[in-house]
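Colleague: I have a few questions about this model. Could you put it up and talk me through some of its details?

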Amino acid sequence: MDLLLIRSNDMKAVYGDTHRYVACEPPYWAGVIASYAREEGLEAGIIDAEAFDYSPAEVSSLVLEKRPAIVGLIVTGSNLSASTQKMKGAGLVCKAIKNADKDIPIFMWGLHPSALPQRTMEEEEIDYLIKGEGLRAVAQLTKGVKEGAADWGSIDGLYYKENNKVVGNGRLNIADIADVPAPAWDLLPMERYMPHNWHLFGESREKAKGRYAVLATSLGCPFSCTFCAISALFGLKKVRFIDVSKVMSEIDLLVNKYHVKYIKMMDECFVLNEEYVNELCDRLIERNYDLNIWGYARIDTVNQKLLEKLRKAGIRWLAFGVESGSIKSLNGVAKGQFDNEKVKRVVKMTQDAGIYVLTDFMFGLPDDDIEDMRASFELCREINPEWINFYVTMPYPGSKLYDEYVAKGEHLPNDWNAYAQYSYECTPKGTKYLSPTQVLEYRDWAFNAFFEGNSRFFENVQQKFGEGAVQEIKAMVKNKLKRKLLEA
């Protein structure tokens, strides 16, 4: 084998006791990179350690069996900004492989490696690192390793070691969107993938197993939220749309060959370009596949007519990044474009169209005080979404927040698990007014308090999904997260 791509397994460390409620998603970018390598005439394979619950030692044994020319660790989480929290698991796999055979070349790819290439090369047991999308770079690197000689400096975005020193050009290697292939689904254990628990409210988990996939309709993001690190991978703050016909061909394949029913649109903002979304919806409505799709939208990118069409097309859930109920805090992170009244109107309009709403809120934005976090909690209770994500604000490497803190010389965690939202080690930065402990404590209190005595929420869940969903949520909330910071 020429190229062996690996997704490491660290679900329990990253998600703590919540890992059984989290989706097991196909590693989309590993599939895309494998497809591109194949188009370049290379033999590629994928080890999805997360899907099989493989330990680093088990992954290492598989690598020795396959004897690839080069191994690539693809460091991505359930979304691209979640790359940092996957670093510890990826590093353990690299160590296991090098302990077994130090001569097997290894590279890393992903948002975190792209954000901190020099540091990653110095800290991890790897030989190469690819900054940016790097599809062409992966193929060039693999061919160079196979042939035993290459001009590494000519490969855009490649970092390597020369005389024990890290060398890299850092040039952007953004792919032409027309050249980005569909994932190599045939290299993935499609029978093992499973949606999030909320995606399946009212439906059978057993029947859903093996019928889940993730897709992208676009790459990149045009917005400038200071807490987001997405541009570290995609470069410029712009969005590139994948041809609708190409997306539909993938959906046809997933439905007809792999019997997929549940799909996550993994775009940073799926409902962004109304003309594009309308065309995709028209195609989906023609197919009448009876799908259960979810994706991200913004409060300012939806309208009633579009929402009605989205529902007809099979989009059952939309996730809105509301982030905060405090306009002061939103302005501080360049996301103060809409007020709470508009949030309430849009959420109700979405629900009235028959689409379930998931809202994302962030506690501990740089300008947050206790009253600002309380405003977020109260707003979420008032709009009464079908599901919630409560996060602490993290200065992920690659984000403007991270760069600002580094420039000020402020302390940031060195343990990458500390950047995982549900981990035992989770450690937010804190705000101008609140300590990391106060932020984390409030977030964990708010999540449990949202459900406690919330008859309005549970009546809505029961009406839409049945008593089984109500009992599942209540059982889940009983499992409190273990936090090192709060124990201290």
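Colleague: Happy to have it in view! Is Ser324 buried or exposed?

Modeller: Keep in mind that this is a predicted model. Ser324 sits in the loop between strand E13 (315-323) and helix H14 (327-331). Its relative accessibility is 1%, and the limit for buried is under 20%. Ser324 therefore counts as buried.

Colleague: Which side chain makes a polar contact with the side chain of Ser324?

Modeller: The side chain of Ser324 reaches the backbone nitrogen of Ser326 at 2.9 Å, but that is a backbone atom. Among the residues that Ser324 touches beyond four places in sequence are Asn340, Asp368 and Ser376. The side-chain partner, at 3.3 Å, is Ser376.

Colleague: Nice. Now to backbone angles: what is the phi of Arg67, roughly?

Modeller: Most residues other than glycine have a negative phi. Arg67 is not a glycine, yet its phi is positive. Arg67 is found in the loop between helix H4 (56-66) and strand E3 (70-75). Its phi is about 45°.

Colleague: And is the side of the chain at Arg67 buried, partly exposed or exposed?

Modeller: Buried would need a value under 20% and exposed one over 50%. Arg67 has 47% relative accessibility. That is why Arg67 counts as partly exposed.

Colleague: Then how does His259 count, buried or exposed?

Modeller: His259 also lies in a loop, between helix H11 (244-258) and strand E11 (262-265). It has a positive phi of about 60° although it is not a glycine. Its relative accessibility is 52%, and the cut-off for exposed is over 50%. So His259 counts as exposed.

Colleague: Let's turn to the strands. Which residue in E6 is the bridge partner of Leu129?

Modeller: Strand E5 (residues 128-130) pairs with strand E6 (residues 158-162) in the antiparallel sense, over three bridges. In E6, Leu129 has as its bridge partner Tyr159.

Colleague: How many bridges join E6 to strand E7?

Modeller: E7 covers residues 165-168 and runs antiparallel to E6. Glu162 stands opposite Lys165 in E7. The number of bridges joining E6 to E7 is four.

Colleague: Last one: which residue takes a positive phi in the hairpin of E6 and E7?

Modeller: This hairpin has two residues between the strands. One of its residues has a phi near 55°. That residue is Asn163.

Conventions. Residues numbered from 1 in each chain as written. Predicted model: local features only at pLDDT ≥ 70, side-chain atom pairs only at ≥ 80, totals over all residues. Heavy atoms only, no water. Buried < 20%, exposed > 50% of the residue type's maximum accessible area, 1.4 Å probe, protein only. Polar contact = N/O pair within 3.5 Å; in protein donor to acceptor, adjacent residues only side chain to side chain. Contact = heavy atoms within 4.5 Å. Pairing = 2+ DSSP bridges.
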